[in-house]
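Good morning, and thanks for coming. Please have a look at the sequence and the structure before I start.

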Amino acid sequence: MTLLSLGHACVDIYQGAVAALVPFFVSERAYTYAAASGIVLAVSLLSSVVQPLFGALTDKWAMPWLLPASTLLGGAGVALSGVVGSYALTLTVIAVSGIGIAAYHPEAARAARAAGRGSHTAMSWFSLGGNLGFAAGPLMVSAVIATGGLRASPLLAVPALAGAALSAAALRAVRAPGAKAAAAGASEATARDDWSSFVTLSGAIVCRSIVFVGLSTFISLYARQRTGGGDLSGTAALFVLYLGGAVGTVAGGKLATRYGRIGVVRWSYALTVLAVAGVVYVPGPSLYLFVALASAGLYVPFSLHITLGQDYLPRRVGTAAGVTMGLAVSVGGLAGPLVGAMADAMTLQTALAPLIALPALGWVLLRTLREPAAAPPAPAPASAPDPGPAGATETA
């Protein structure tokens, strides 16, 4: 699992890198803000919306080769973005990177499910790798591009090379016994997909996504307003919000093992309601406490969404991962401009206030769900040998 988690970090570092490249495109190439935002939109939409398609493909055919190949594709697009000449080519290579990121996640989530043998804690470690990679993206861009300019962008391919090697090593480490694979295959054949519960879960994830995008976009500015501080106060608020990605994701897996996933997810959404209310209405330094609580409420259920989705759709775990990790999450990004428009028309506080209701709506949706029946890790489709990395390494 350690190899898969590190590989996940090497892929998601490119999701965080694209937005960090925007200031350099504006300064070195004189791109307009609209043109620069189009680049971010290209990678975010493609990496999210296309994921269910790759999930459906991996449900039909075993594609373990997607892990190293998609990692290389995701890195190649970003690495070339600084050296291609025109805006159209830049947009194209960034779009290619988004496709690579999209192709990676469904098959990787299947592999992580097999490696952890359905363990919630194991999936949380896999998710943690992605969160840390996303956070490291801007640091990588700052270290490389701020020093050498856009012409140094080929150096950004280094994490992709490392990630491909890690993925290949994880796949080589897997040796699933044939009898166990056959038994798992028989169980999968008799399992039933619970689409009603899966759609309900996806609705709750959309609510969570809108809140997260709204806070991550505006919390820095809002913290400066509410605390009366400068740029440092805003940066600190954003850091606290993202810090929960490391703590909350791992805590979610451990809590679910002890108390059950549905209960932990429900309590997390309930906590988020109170925390976001505090963020919106509590002034002064106490704001940071509520940002920390909101971070916990948003991140604790992150990996649990994935395993719940896979257990609700045991015959289509790739599709489930594509939706819970991609499509449902991308909707939050589409809602971001609406929050900004409300802030322009009224005040930022008024624009953020509706975010309080969304986790409450998610909690109501989750009240209708029950813990899915225990399901074994999904094997690869019968058309090819099982690539699942069961027992690759310890989860740490």
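In which loop does alanine 30 lie? Alanine 30 lies in the loop between α1 and α2 (33-49). The helix names come from DSSP runs: helices are H or I with at least four residues, strands are E with at least two, and both are numbered from the N terminus.

A word on the source. This is a predicted model, in which local features need pLDDT of at least 70, side-chain atom pairs count only at pLDDT 80 or more, and totals for chains, interfaces and linings use all residues. Residues are numbered from 1 along each chain as its sequence is written, and side-chain values use heavy atoms, with hydrogens and water left out.

Back to alanine 30. Alanine 30 is not a glycine, yet its phi is positive, at about 60°. Is alanine 30 buried or exposed? With 63% relative accessibility, alanine 30 counts as exposed. The cut-offs are these: buried means under 20% relative accessible area, exposed means over 50%, and partly exposed is in between, with a 1.4 Å probe and protein chains only.

Next, helix packing. Two packed helices are described by the angle between their axes and the distance between the axes. Axes are lines fitted to C-alpha atoms, for helices over the stretch in contact, and angles run from 0 to 180 degrees between N-to-C directions. Helix α1 covers residues 2-29 and helix α6 covers residues 120-148; their axes come within 5 Å and cross at roughly 40°. α1 and α6 are therefore oblique to each other. For the wording, angles under 35 degrees count as roughly parallel, over 145 as roughly antiparallel, 65 to 115 as roughly perpendicular, and the rest as oblique. The crossing of α1 and α6 is right-handed. A crossing is right-handed if the near helix is turned clockwise from the far one by less than a right angle, and left-handed if anticlockwise.

The second pair is α9 with helix α13 (residues 302-312), packed at an angle of about 160° with axes 9 Å apart. That makes α9 roughly antiparallel to α13. This time, the crossing of α9 and α13 is left-handed.

Now the aromatic rings. How many aromatic pairs does a search of the whole structure find? The search finds five aromatic pairs. In one of them, the rings of tryptophan 195 and phenylalanine 198 have centres 5.9 Å apart and planes at 90°, so this pair is edge-to-face. The rule takes rings of Phe, Tyr and Trp (its six-membered ring) as a pair if their centres lie within 6.5 Å; planes under 30 degrees apart are stacked, over 60 edge-to-face, and the rest tilted.

Why are tryptophan 195 and phenylalanine 198 about one helical turn apart? They are three residues apart in helix α9 (residues 195-227), so about one helical turn separates them. Tryptophan 195 is partly exposed, at 40% relative accessible area, whereas phenylalanine 198 is buried, at 4%.

Tyrosine 299 and phenylalanine 302 form a tilted pair, 6.5 Å centre to centre with 50° between the planes. Tyrosine 299 is buried at 7% relative accessibility, while phenylalanine 302 is partly exposed at 22%. Elsewhere, ring pairs link Phe25, Tyr31 and Tyr87 into a cluster.

Tyrosine 299 comes up again with a charge. Arginine 208 lies over the face of tyrosine 299, 5.5 Å from the ring centre. The charged end of arginine 208 also sits over the ring of phenylalanine 212, 5.1 Å from its centre. To count, NZ of Lys or CZ of Arg must be within 6 Å of the ring centre and within 35 degrees of the ring normal.

Phenylalanine 198 and alanine 320 are 122 residues apart along the chain, with C-alpha atoms separated by 8.1 Å. Glycine 229 is in the loop between α9 and α10 (231-259) and is partly exposed, at 34% relative accessible area. Between the C-alpha atoms of glycine 229 and proline 285, 56 residues apart along the chain, the separation is 9.7 Å. Arginine 367, in the segment after α16 (357-366), is partly exposed at 46% relative accessibility. Arginine 367 and isoleucine 262 are 105 residues apart in sequence and 8.7 Å apart in space, C-alpha to C-alpha.

Last, the cysteines. Cysteine 10 is buried at 13% relative accessibility, and cysteine 207 is buried at 6%. With a disulfide taken as a pair of cysteine sulfur atoms within 2.5 Å, the count comes to zero disulfides.
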